Amino acid sequence: MGHVLGHKSPKGSVSISNFKGRIRLRWRYEGKRYSLGQGLYNNKNLKAARLVVMQIELDIAYKVFDVSLVKYGGKASEAKEERVQPATIVSFFEKWVKEFKQLDCERNSDYYHLRNTLRKWGEITPSDLPSRLGTEKYCPKTYNERLSMLKGFSEWMLKQGVWSVNPFEGISKRRVKKIQKPERAPFTEKEILQILDAIKYDRFCPSSSRYKHSFYYPFIYLLFKTGLRNAEAVGLRVGCLDFQQKTIVIKEALARTVHGTHTAARIRKETKNGKVRLIPMTNDLQELLLPHTVGKAPDDLVFQSYSGGAIDDKMFQRRVFSVVLKKLNIPHRVLYACRHTFASRCIDQGITPVMTAFLMGNNPETALRNYTHQINIPRDLPKF
């Protein structure tokens, strides 16, 4: 059939190879791998082998393939089910992540953990994957995330011709119960002003400390003012600030990885949902941001740590933010609560959910579901 030795055959075709001086035919059909010997490797046997190849490929095309191989001069015992070895499925997964998703399993936490789970499962067939996923003790949110990734990976394997079916086709996500997280509860306006004042004037920073809280005042102000995700603020570049149009372009983030939150561990990638959005640059933001652009190139970071790298938001949380909250007797919050505060204040002050979602880079349903905390409960209800 004109197959080139040493090259992978197209889907549905049979390869001819010289295996230790003997002719070997190999092919895949409906998730199984088949191999058939055709005698010594010589011209006479090659001609006969090509006729067998033609018969096999025609039978596959017309869906009358004899899985026992008897029709092709073989024995039923020669038919072998394809067992995907752990190294093989993991290597395919890593290839999918690298080439299709254009990410890195060693740095992107979601793919890193799923890759390690695939390794843990060991020898497995594609049809076993859904049940193995179901046995993992994941919360519904994590289960759904893993399911989505495996569905995408399986679809890719199907298109590559490696698998004949997507084992996750038709499998539904689990229902996620909405749980309020106290550590993300929005701050009141009074609390916002107390926090900003304490950080700006180093009220709880030891006088002997070389690392003043006030150094990070512009960073925390921006989080409260704009509702940016932590990684978006950490990775904000000078070139994204347009002082003429008075806008801030949010199109990327400097995200943490499995290796940590410090500068060397972070990777630059698109925003969480891939959306590019514009934030209005109000007068107070112009005054705040302009000094941080002087003498910098467009690709330089707007905010930097004391060492000149990217701000480590985890360390900022531990050494500054949590310290200030405790001293002010404000219940513990994570830094992400600044984003919830922004969203809740937008909705509370009459900005529509659609516009709030646009400013935050979310869809309106997400804004309504997650951020309608309504800080100021109305004193009255609509009258008849």
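**Notebook: a predicted model, looked up by region**

I began with burial: 42% of the 384 residues of the protein chain count as buried. I note that this is a predicted model.

**Overall make-up**

I looked up the secondary structure and found 13 helices and nine strands in the protein chain. I then took the contacts between residues at least 6 apart in sequence, and 61% of these join residues at least 24 apart. For the surface, I recorded that the protein chain exposes about 22000 Å². Carbon and sulfur atoms supply 53% of that area.

**The hairpin of β1 and β2**

I turned to strand β1 (residues 15-19) and strand β2 (residues 22-29), which pair in the antiparallel sense over five bridges. I recorded two residues between β1 and β2 in the hairpin. Lys 20 lies in the turn and has a positive phi of about 55°.

I also looked up a pair involving Phe 19. Phe 19 and Tyr 41 are 22 residues apart in sequence, and their C-alpha atoms are 8.4 Å apart in space. I placed Tyr 41 in the loop between β3 (32-40) and α1 (43-61). Tyr 41 counts as partly exposed because its relative accessibility is 29%, between the cut-offs of 20% and 50%.

**Positive phi in loops**

Lys 63, in the loop between α1 and β4 (79-81), has a phi near 55°, a positive value in a residue other than glycine. I read a relative accessible area of 68% for Lys 63, so Lys 63 is exposed.

Gln 102 sits in the loop between α2 (86-100) and α3 (109-121). I noted a positive phi of about 55° for Gln 102, although this residue is not a glycine. Its relative accessible area is 65%, and therefore Gln 102 is exposed.

**The sheet β5-β6-β9**

I next followed an open sheet of three strands, in the order β5-β6-β9, with antiparallel pairing. β5 (241-242) and β9 (277-280) stand at the edges; each has a single partner strand, so one side of each is left without a neighbour in the sheet. Strand β6 (residues 247-250) is joined to β9 by four bridges, and the two run antiparallel. I picked out one partner: Thr 247 is bridged to Pro 280 in β9.

**Cavity and cysteines**

I searched the whole structure for cavities of 30 Å³ or more and found one. About 30 Å³ of space lies in the largest cavity. Its lining consists of Glu 232, Gly 235, Leu 236, Arg 237, Cys 240, Val 249, Ile 250, Lys 251 and Glu 252.

Cys 240, one of these lining residues, counts as buried because its relative accessibility is 5%. I checked Cys 346 as well; at 6% relative accessibility, Cys 346 counts as buried. My search of the whole structure for disulfides found zero.

**Ser 305**

Ser 305 counts as buried because its relative accessibility is 13%, under the cut-off of 20%. Leaving aside residues up to four places away in sequence, I listed its contacts as Phe 215, Tyr 216, Ala 310 and Ile 311.

Key. Residues numbered from 1 in each chain as written. Predicted model: local features only at pLDDT ≥ 70, side-chain atom pairs only at ≥ 80, totals over all residues. Heavy atoms only, no water. Pairing = 2+ DSSP bridges. Disulfide = S-S within 2.5 Å. Buried < 20%, exposed > 50% of the residue type's maximum accessible area, 1.4 Å probe, protein only. Contact = heavy atoms within 4.5 Å. Areas by Shrake-Rupley, 256 points an atom, 1.4 Å probe, with all protein chains shown as cover. 1 Å grid on protein atoms, 1.4 Å probe; cavity = no way out; pocket = protein on both sides within 12 Å on 5 of 7 lines; lining within 4 Å. Points joined across faces, edges and corners; volume = space filled by probe spheres on them.
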